[in-house]
Each structure stands twice: as structure tokens, then as C-alpha cells.
Amino acid sequence: MIILAHDGSIYGDWVARYALRFAADEADRKLLVLHVLDGKINPDLAAAKLAKIEEVCQQAEVECLTRLLPLGKTVHRSLRQAIPHDPEALLVCGTRVKANKRSFLSGSVAEQLLRMHQCPVLALRVVQPGLLGNPHELLVPLAGHLGGFSRIWPVFRRLAAHLRLVHLFRAVAINPLLQNRLTPARKQTLRQIGQAHLSKISAELEELLPERPFRLHQNIVITTEWPHEIMTLASRLKVQMLLLGVSERSLAHRIFHSAGIEQILRETPCDIGIYRGP
Amino acid sequence: MKVHRQIQNLPVAEVYHALASDAGGLTPAEAADRLREVGRNSVEVSDPWRLLRSLMRQFTNFFTLLLFASAGICFVAEALQAGQSMLVLGWALSGVALLNALFSFVQEYRAERAMEALRQFLPPMVQVVRGGQTQSLLSEELVPGDVLLLQEGDRVPADTRLVSVEDLVINNAPLTGESLPVALTAEPVDRRLVESNNIAFAGCLVLRGRGQAVVFATGLRTEFGKLAHLSQAIRRTPSPLQRQTSHMVRVLTFIAVSLGLCFFLYGVFSGRSLWVNLVFMMGIIVANVPEGLLPTFTLALALGSQRMARRNVLVTNLNAVESLGAVQVICTDKTGTLTHNQLAVTRLMPGGTGPEFSNPQERQRLLELALCASQVRQVDQSYSGDPLDVAIVERIVAESGKVEPALLDIRKHFPFDVEKKRAAGLGLVAGQQVFAVKGAWEVLRPMLSGLDSGHGTTLAADPASLDRAEGAMTTLAATGFRVVAVAYRSIEAEADLELTQDHLEDNLILAGFLGIEDPLREEVPAALASCHTAGIEVILITGDHPDTAVSVATRCGLIDPQASAEVVMTGEVLESLSEAALAESLAAGVRIFARTSPAQKMKIVMALKGMDRVVAMTGDGVNDAPALKAADIGIAMGKSGTDVARASAQIILLDDNFASIVAGIEEGRTVFNNIRKFTNYVLVSNGPEILPYLLYILFPVPLALTVIQILSIDLGTDIIPSMALGQEPPDPESMRQPPRGQEFRLLSSGLVIHSYLFLGALEALWSLGLFFYVLHAGGWHWGMELAADNPLYRSATGIALATILLMQIGNLIGRRSTNLSGLDRGIFRNRLMLAGIMIQVFFSWGLLYLPPLQKILGTGPVNASIYLVAWLGVPLIFGADYLRKRLRPRAAQH
């Protein structure tokens, strides 16, 4: 089952495209749409939007359940109470620009939902509504954690069926002071480290999807600035979507990591999906 | 309902719904909502701190910091003990640091102009429908869902899905590099978004017709925006020289500061006063740092760029002068660079049998049919239009002396369509109305019902005769010709002009083939041979057919005539490869990329850079800009290049000629060799500058050289000789050596030993020998202290300085050649060198005998015979160095 947290805005409609497309590929073809009546959107308008989604679902032969939730203590809490505990489900939500125009994820409902453990979560930043929630080229930056592909799998498997090309990307981070002093041999060693990690992930993916419909490319870059490299690569490869993991690790790591994520969310050349990383 | 579709796959009726819009457009409130979500429709990456960051970077590099620190010490010293000219010194050092930093900043600032050129591709105002009303709107305010009106002459402001078209023809050159027009439709297509002809992409120009479209991507999310993002975001890797100088400065700074601090502490613990220790530490630092070296680098590069300009290579960034010399791989275009980009129809073959038309009338008929499918206008005495069409007219003129005006009066023209790979026209040929098509054989073949035999008869288009025709076409293509097939059918005079191309393209008769040649530039084979000798690999990247590419590559010597087919890779294969797999193919010997798109250049550059190669890439189109920036050296075409390509490149070829690149490489290598020569030259004088300070701190002897005297060498007398070495002409050997590897160091251990421990030691010994001789002859004894204004001390320090200046003449001549004496190159051939020698001679004399110089430098006169002994240092250093060159093992001489 796919669960969609819809905020009633046009942005929510763009996010709904992804949810609908995922639901159409689910075994149970079920979509649960939740909207919290937080007063920002007229309840009638919200109801009309949900009705429209129901209509589209009907055309696509997807079973649609819609729920208008009364506002509890917070929007996040109201949603949490309505989201079923189901590790097989996927919660899809949007992450929008805040009033200060600086942050997208930090402090948002999407960020709180990403920390929730009831089911896997995908927070989306949609900037290309013309894709209609159906990207064909995907860039997957991987940070080299030992966890492998397991965290990304619930999201990836739902995107995989219609992908044509997937780029696995590993940015091997180095100290800026060393940047211009790396010998070719050292660079080669660092590339090999990145290559080994991506090869492991590719093998894992091969096992999970023996007859994958897409081509799989690997990209390794030695860099001092991973957000910059991710955005440059996304533009260069003309990918239609980026899948990024947010960290659950130490506070310090989260602070530095989230600054990079925010930068990518702000300047992204394509749609972004954010999942909970290791 | 299908949910796995993108905007290009939808029928018009669903497009509005998918983007939550309608024919009446968005309401202002909806538009405002969307603007808040996706931001303004601008392709500029907002970075308000970019300039400040760049400026800070220049002021925080090691060398600048070191110079400022030295200046700071001077100011402190002046405050502690005024009257020692420390203030002047401090300002001089600050000035050098400031100039260096500002110069680098201006260089970097000027290099970031690509965005200005890119901005020209987006219109400032657009016509949209909002709230049911047509209105003019700032292009930046467009949002997904806006209904846009397009008409002839408009630039498309965002990526849009067409919902209605009226004969809409667009030029996609900024994105695809393909200058031929593309007819657009509003019908759904089953292709990738970027290949869809129902999408009008941002930055492209409407050539004809009108249309209505719905915006689905804006700003950096458009295809043009991604290109613009790359043009701004890609950071040039530091040039080889920047990396080398950075390494050299780090090493020299480390030595200077470590020595300075060690001896400062030694002085403090040995009970010397703080002032003496400060002066001493500053002296050690100043003596170790070649202050004039980096400004001289800049001057040498500037002079190199002037010489390059004389060889049609315009340099927009000084570091590119030397980088070009370090190039290991050149990725070059074919058309215009290896060839003249002047198409000529040189072969005319019948469609049926036979090698070539023998009958002039039949040749004329084939050309006239081809012209019927062309669009050419006569402008004064020449013709304008597509280069192929113009080539056809020119061949007609060559055949019959003129072109009948009726031939140019085409009743209806169907322009070349990239998707259809053909152009067509309806007109009069030999008084009869015909519909003629010219284009790729593979698209014409299924439409044929007959073939002109070349003897006035028509053969049936059975598989055997079609195969024969294909064989003839393939043979022609394999010999390097671009082959265009021409077919026709007769049409009744009163035929309906509204008939579409699809209706007319039936029952065609193959009239023949045109063999089109773009002649090779005469200088190219020699230039490529020179590249091979110089160990530079050349890779050809072209949109042409593989056979054409191989033929040109063979003719110009890029590949061996016996080379296997594995040297060629098509764009289709390239697209399917990952960068790692591409790097493997390149390592395995792929040298030609055919049927490629300009966007694929970037992939090739990145693969080569992943192999740690220094890459030069040529380009002329807007979409070449990212590859030009990503390469170590971006080379734009001066004649045929776009402003964006020129602004993204570091080098502009004024004549678009490949041979000029090779000439530039020779100049680049010469510049690096000359930089090595004067680095070696300048570091030699560091030896005699450092040793007096070590002796002064370790023994009870006077200081042989003061700080101001050291600076008079580093920032004074050494500058002109260094510049003279920077102007040395190319060494014939330079293009017979392979490119230097990434591991090569400007400040190698060999160079340090030679500079400091051999020639530097010789200069130090000879100058200090005379210093102590003068002191001894004047009555000085071991341990005796002398005041700075003591005449004996002034004479002794004067002769030490004069000796160093004179010995630098021997050093200078020796530096001109790595293996020979240096005299063989002729002193009078390099006038600046002569000037440098005269300066050294004049100052060595003047500081001893001219009162104004004596006053500034704190020197005094010596006996003329001692001055003559100082002159012996010239043959001493020159002879010793020459002996070293002669005794060196032969293998080490290269």
C-alpha cells in the first residue's frame, strides 16, 4: 500500500502523481490519502482535491481511500496516528520551501515523518511536474555506509520498473587542503575504494533484481564538496530524479549533512526523493 | 488510464489536466503559488558571495600570506628601530603581494563570462495567457502550467509541451548543436523527453509558424538550464603550472619559515637582542623566498600569450599558455578544424549502375533535381543558404557557367527535418514540374519504385538493383565522401500545392548520388605527425558517418590505414557505456567517435580526466560550453564558434585550424621550459643570500648581505634576465619529447640541488671569499664587530653583492640550454638578455662606485683590482656548469 500525505496545495498534487504511479504498481493497488485539516487550506477545497485524486485513481484502477484528519497537537502527530504500522507500505510526502525560503527539509513535517519508523518514507521535492511522477533516469548518490542497499530498497523497487538508466554515484570525500596535492597513485587508490563499494551495491542490486529493466552505470568522483558534485552530475547526466538518504547518525554529522541536503534541495535541477539513510 | 507516462506521451486533451491548467491559463493566485514552489525562471545560479570568495582565495594563498607576513615584520622592525629603510621594504613587499593577488583575481573574474553569453538565449518578455487574457509577462515569472504563445522570431523561455501548432519550425542548435530546422507537432510521441518533437525547449529559436504550449519546466530544470548550470558550476581544475607553483611555494615557504624560526629561537637563547633576531629572521625568510619569481611567471606567460596570438591562438587565461604545453590528449572536431568546412560536390553517380555520369546533361539533371529540393537565395553575386545547398548551386555554375533563375524559383519547399533526414521541394526541372527529395539513402530507399540507370532509362527498384545502388553508395562513403541520395517524381502542373510531403513521397525514382567532400586543410597532416612525435594523442569527435570519419582520419594521418575497426566508436555505443567502460575503450585504442552529439563530448572529457590525462577539447556550439569548461584546456573556434563557446574556453583559435593548436602546444612547451630555466636561474642566487645569515648567526662575523641588498637582487637585477629567459625561442627538441607526466615537479630535487648546492654554493663561496678578503685587507679580525655605516663593512658587503650580480651573468648564459653551453644560441639574438647582462654589469659597478646607489644599498667602493677579481666569477660559474653538462651521463641529458 502507498500512503500519501497531501497538504492540499498544487505541490501536493504533483507529489500525488508519484504516489498514484507507485500505487498502480503495488500488488494490492491501494492508495491511502491523508490530509490534516490544519486551517491553511479551505476544507472544501481539500475535500475537492481528494475527490479528484479518487477520480484519477478510479480511472487507473487503483483503490483509493481518503481521510480528512482533524488537527491534533501537530500536523505530524495527526498523521502519525493515522499511518498504519506496515513495513511493506510506503509513505509519500512532499517537502516544500519554507516561508524564509532557505530551508526545505529542516524543521518540516517531512523531516519528522522521515524519522518515524512505522513504515518506509519518501519525501519528495518536485520541480519537474512534466514528468508526471514517472522519472526514467535516476541518480543514486551513496555515502559508502556498510548498510548497503537495504534502506533505499523500499523506494528503489517502486521506481525500478520504469527506469531506463540508473547512475550509482559515490563521492569520495577528501580534505580541501589535500585536493591539489593528491598523487595520481593516491587518486587511483581512492577511486578503487569507491569502485569497490559501488560494485558491491551493484552486485546486491543484481541479486534483488535479476532481470532489471534498466542499465546501471557507476560514477566515482574524488571531491571536497559532495553537494556540488551531486548537482553537477545531475545536470551533466540529465537525470530526472535524485534519491538522497538523510542521516540518522550523530547530531554533528546531521548538522553538516543537512546543510548539504538543503543546498541540493534548493538548487536541484531535477526531482528529488529523500529516504531515511543509515 | 495509463499512469506511466510523461508529458510528451500525453494527447493534447490531457496535457492541461496533467499540469493543472487550462486553455485560459493560470489565475494570478495559482501562478504566485507555483512561483513560490519552483522559484523564478532564471538559469543563473545565485551565488552572491562568489566574487568575494574568489578575492579572499587570492589573498589567502601561501605565497601572498608569506609576503604580507614579511611586510608585517618590516613594519614591526621599523617601529622598533626606525631609519633602517624597513618601512620602504614593507611597502614594497605589500605592493608585490597585492599586485599578485589582484592580478589573479582579475584573471579568474574574466574567465567567468559564459553566463552573460548564455543569458542572451532567453527572452526578457513573453506572451502568455493568464486568467483567460493574453498578456506580456517577464520571462522570469513563468511557472509550470503557464500557457505560452510562440511565433516566428521568438526565443523559447522554458521547456514547454506544444498543444497547438501552425507550421511551427524551430532551431534547436543551442541544445543539440544541429543548425538544421526541426518541424514540431502537438501530437503525442513515444520517445524520450529530450528527443520529442512536441516539446519546445528553452533557449531555442522559432524560425517559422506559431504555436501554443504549456510550460512544464522552468529555470535550471529546463534542458537549457542544465547546460547553463554546468557552465557555471563546473570548476576548472588548477592548471599544471598552478599546481607546480603551489607546490614550489609551499616547499620554499616551509624552508624559509622553518629556518627563520629555528635561527630566531637560536638567537634568542644565545642572548642576542630582539631587534637583531627579528632582522635576522626576516633576512632568512626574505633570502629564501624568490619574491620576483611569481611576477616573472606572469610576465613570461603574458609574453607567451603574445607569441601565441601571432600564431592564431588567442589566450583568454594566462595559465592556459603553459597548460596547452602539458596537453596529453587533444579531442578535436572534424568540420572546420581538420577540414576547410567548405562543402564541394565532387562526385555525381547514377542511381542504377556505372561509376559516374559521363553525359554532362545527365549530370546537370541530377544537380537540378537536387537543387529543386534545396533552398538557396541569390545575394548580389553569391548564394546564401544551407552549405550543402550552396555547394549544389556552385557545382551547377561550374558545370554550365550559370544557374537559370527558374531553377531557384521553388514552388514549395519542405525544409530538412532532422528526424526525417531529408529535404524536399516542388519545382520546375527541364520545363517539367517535379517533386524532388534529397537526403540519407536509408530513408529514401523504402520510397523508391525505380532507379535512373544513367543512360536515359529507368530500372525497376527490385531488391537486387537497390542492393547494387546501396553498394555504390557505401563505396563512395567509405572513400570519405558524404553521400546524399536524390530522388524525384513527376507531378502534374496543376497539382495542389497544399499536398503534404508525406503524400508526395511515393513512387520515387532514384536520380543518383551526390558525393560531397569537405577538403582537408593542407597543414593538418604535418600537424598530426608533429603530435605523434610529441607523444600527444588525438581523438576525433564528429557527428558524421563512421566511414566518413575514418576516411578523414586516415587521410590526415590520425589513424593508420591498416587500423582495425575497433578504433571507431559510434555515439549510440558511447551512450550505452558508463564512464569507466569508456575509459577502458579509450585505453584500448578508440580514437574516433562518429555520429556523436555535442553533449557526449563531456562524457569523453570526464573519462579521459578519470584516466589522469591532461585534455584539450575543441568546440564551437552553445552546448559545447560544459565540455570546454570541464577540459583542462577548452579551445573554442574563433570564426565559427558561438559567443558562449568562446566565453567558456581558455583558448580561441582565430583560424579554426587544428595546426594552430599544435603551434600553441609548441609555444606552451617552450613557455614551461623557459619557466624552468628562470626558476633555476633565480634560485641560484638564493644560495649566496642565505649563507651569510647562517654564518652571521653561527660565528662572530659581520653580515655579508643586508635585507635590502637581497631584495635588490630578487626584485631588481634578476627580473630582466629572468624575463629574457622567458623569451627564449622554442627548442627544436621540445616537440620530440613526450608530454611531461603528472608527477613531474617544477621544483624537483635535481633542480634544488643544482641551484642551491652547486651553482648557489659556488656563488656563495666566491662572493663570501671576496667579502672576507676585503675585510681582512682592511684590518678586520675574527670576532670584531663592525657598524653598518663603517666604510670597511660597506666596501666588503658591496663587493659581495657585486660578485653575486656578476656571477649571475655566467649563470644566465648557462641556463639557456640544458645540454649545451648556452653561448651557441647567440647572445645578440635575445635583446632582453643583452639588456639583462648590461644591467647586472652596471649595477655591480654602480653599487661600488656611484654614491646614490651606495647610499641606497649601504655599500662602499673597493680597489679596481678586487672588482676585476669579482669578474672571474663569471667564467668560473659558467665553466663549472658547462663541465657538469659535458660530464653528465648521456641518458640524463633528455
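This is a predicted model: local features need pLDDT of at least 70, side-chain atom pairs count only at pLDDT 80 or more; totals for chains, interfaces and linings use all residues.

Visitor: What scores does the model have?
Guide: The model scores ipTM 0.89 and pTM 0.81. Chain B has an average pLDDT of 85, and 95% of its residues score at least 70.

Visitor: Why is Thr160(B) called buried?
Guide: A residue is buried if 20 or more other C-beta atoms lie within 10 Å of its own. Thr160(B) has 29 C-beta neighbours inside 10 Å, so Thr160(B) counts as buried. You will find Thr160(B) in strand β4 (residues 159–171) of chain B.

Visitor: Which residues is Thr160(B) in contact with, leaving aside its neighbours within four places in sequence?
Guide: They are Leu148(B), Ile199(B), Ala200(B), Ala213(B), Val214(B), Val215(B) and Phe216(B). As for Gly145(B), its C-alpha is 9.1 Å from that of Thr160(B), and the two are 15 residues apart in sequence.

Visitor: Asp167(B) lies in strand β4 too. Why does Asp167(B) count as exposed?
Guide: The cut-off for exposed is 12 or fewer C-beta neighbours. Asp167(B) has 11 inside 10 Å, so Asp167(B) counts as exposed. Its backbone is worth a look as well: phi of Asp167(B) is near 55°, a positive value in a residue other than glycine.

Visitor: What makes Asp612(B) partly exposed?
Guide: Partly exposed means a count in between the cut-offs for exposed, 12 or fewer, and buried, 20 or more. With 16 other C-beta atoms within 10 Å, Asp612(B) is therefore partly exposed. Asp612(B) sits in the loop between α23 (600–610) and β23 (615–619) of chain B. Although Asp612(B) is not a glycine, its phi is positive, about 65°.

Visitor: How do you know that helix α28 of chain B is mostly covered?
Guide: Eight of the eleven residues in α28 (residues 707–717) of chain B are buried. Among them are Val707(B), Ile710(B), Leu711(B) and Asp714(B).

Visitor: What do the buried residues of α20(B) pack against?
Guide: In chain B, they pack against α17 (463–478), β18 (482–490), β20 (537–541), β21 (568–570) and β22 (592–594). The buried residues of α20 (residues 546–555) include Asp547(B), Ala549(B) and Val552(B). After α20(B) comes Gly557(B), with a positive phi near 85°.

Visitor: Which residues touch the most other members of the largest nonpolar core?
Guide: Ile2(A), Ala19(A), Leu31(A), Val92(A), Val605(B) and Ala616(B) do, in a core of 296 residues. Helix α26 (residues 658–684) of chain B supplies the largest share of this core, with 14 residues. There is also a second, separate core of 55 residues, and Leu343(B), Met473(B), Val486(B) and Ile509(B) are included in that one.

Visitor: Why might nonpolar side chains be found buried together?
Guide: In soluble globular proteins, that is what they tend to do.

Visitor: How many residues does each chain give to the contact between A and B?
Guide: Chain B gives 41 residues and chain A gives 36. On the side of chain B that touches chain A, α2(B) gives the most, with six residues. That side of chain B divides into 20 nonpolar, eight polar and 13 charged residues.

Conventions:
Residues are numbered from 1 along each chain as its sequence is written. Chains are lettered from A and ligands numbered from 1 in the order in which they are written. A nonpolar core is a set of buried Ala, Val, Leu, Ile, Met, Phe, Trp, Tyr and Cys residues joined through C-beta atoms within 7 Å. Helices (H or I, at least four residues) and strands (E, at least two) are DSSP runs, numbered from the N terminus. pLDDT is the predictor's confidence in each residue, from 0 to 100. Two residues are in contact if their C-beta atoms, placed from the backbone, lie within 7 Å. Ala, Val, Leu, Ile, Met, Phe, Trp, Tyr, Cys and Pro count as nonpolar, Asp, Glu, Lys and Arg as charged, and the others, Gly among them, as polar.
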